[in-house]
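The sequence and structure are shown below.

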Amino acid sequence: MSDKTMSADEVAGRLADGMTLGIGGWGSRRKPMALVRALLRSQVTDLTVVSYGGPDVGMLVAAGRVRRLVVPFVTLDSIPLEPHFRAARERGAVELTEIDEAMFMWGLRAAANRLPFLPVRAGIGSDVLRVNPGLRTVTSPYDDGETFVAVPALRVDAALVHVNRADRLGDGQYLGPDPYFDDLFCEAADAAYVSCERIVDTAELTKDAAPQTLLVKRHTVTGVVEAPNGAHFTSCAPDYGRDEAFQKTYATTPWPQFAERYLGGDEQAYRSAARVGVGEGT
Amino acid sequence: MTEVTRAEYCVIACAEAWRDAGEVLASPMGVIPSVGARLARRTFAPDLLLTDGEALLVGPDGAVEGWLPYRQHLALVTGGRRHVMMGASQIDRYGNQNISCIGDWARPTRQLLGVRGAPVNTLNNPTSYWVPRHSRRVFVEKVDMVCGVGYDRAADAPYHRIPRVVSDLGVFDFATPDRSMRLASVHPGVTVAQVREATGFALAASDEVPYTREPSARELALIRDVIDPAGTRTREVGH
């Protein structure tokens, strides 16, 4: 069986200008930040980003890599409004497809099921239809005759997700309370890249954890990256919580200054500059 | 018993949203709605389900009784067995709500959260609102972006319902012939004129608007000693 391990920079090297990119996690929770940092080190640009948005969206927007966003929200959770997303919107620097949280999930499900759309009871009556003139409705062919929004499949060229553990084949495991939608992102993608806190032997995955924790299946995965603290500064329960102090630094430092100080070098340089892991247990 | 504070009247007004709700998920967003939902469960609505704010359903003693990650939460929303109380950056006379942006959507003067789950919430389960600072900037004639759907845009939505809006000044509902917003009660210490002054549209009201009800001694003790002993409720309503 194939060993799919690669470096974060190799992942970035497989991405191309103009791609549609799905990014896992939720808000400021278990985001594949090491992969996003690798993307920022590359020259890849003109992206369409599909995400339950957090600092992944903020950083890519701040760096000018995004043409279009497909999001139901962008937030840092403990800091409700993402400053870079907000600034980009207020200066008209990014195109936006703004849809509801559930519409977003049904869009991923449609893509994972190779359906062109799924009907959803959300969006009717709201301005989501006004700001997305391409959205169509569909009427039930049965007696109820109700009209729904036909959410188009959110198919993506590549997905980036981060989980707690994985094996070299691409079997990915989450150990926190919420899987978010990372399996759907992988199923909705032509190529999925999974970073993890630690690569372990396959047998090790279920030694102390139930098989239900095996979220991502290897047939949906193209590459596996070992990236300890790879979700920093978002949370990655139970391995670590959100680095609130650093997130505040991110949210309050002008982007050029932040990028120069923390993103000028490789992942090791980031960890050292951001003092990631300092004060943690062994 | 010391004097009841405005924040405590707001807690009572929020708690009342879940009276007779039955065995459904209460999804309070904000501190005072959270205190209100927990008060309701400890008193007149014992069958309510509540989460820890993340992915776990927890009982009043903190015991985990279920798992509700986001994907199941969204399914529960569409199943309808939920009453959510959301915030509102803007709300209009028919209950249309905005948390997305202020100004022209194409290039907003102020980008806010985005629509989040407001469209799916309002079409599937009862949705109430909480506004900690009642003003003409929030209670507007017309919202800039309809996220939560109001009564004038929900004629064909079978499960649409906005039971109440609670602010730091009073309680509002849509019990009028044209389903426009009505002042249902004012909190003690607030006048009807004061509410009208702080509202950007003409508000329906009966000739004698009642006061929001008094909390019982037991309810006050639960709020002050059990549910919110640190007084976090005063961070949202400081008067």
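How many salt bridges does the rule find across the interface of chain A and chain B?

The rule finds four salt bridges across the interface of chain A and chain B, a salt bridge being a side-chain nitrogen of Lys or Arg within 4 Å of a carboxyl oxygen of Asp or Glu. One of the salt bridges joins the side chains of R153(B) and D127(A), at 3.3 Å from N to O.

## Basis of the model

The model is predicted: local features need pLDDT of at least 70 and side-chain atom pairs count only at pLDDT 80 or more, whereas totals for chains, interfaces and linings use all residues. Residues are numbered from 1 along each chain as its sequence is written, chains are lettered from A and ligands numbered from 1 in the order in which they are written, and side-chain values use heavy atoms, without hydrogens and water.

## Extent of the interface

In chain A, 43 residues are in contact with 36 residues of chain B (heavy atoms within 4.5 Å). The area buried between the two chains is about 3,500 Å², with 52% given by carbon and sulfur atoms; buried area is the accessible area (1.4 Å probe) that two parts lose on being put together, summed over both. On the side of chain A, R89(A), E98(A) and R121(A) lose the most area to chain B, together 18% of what that side buries.
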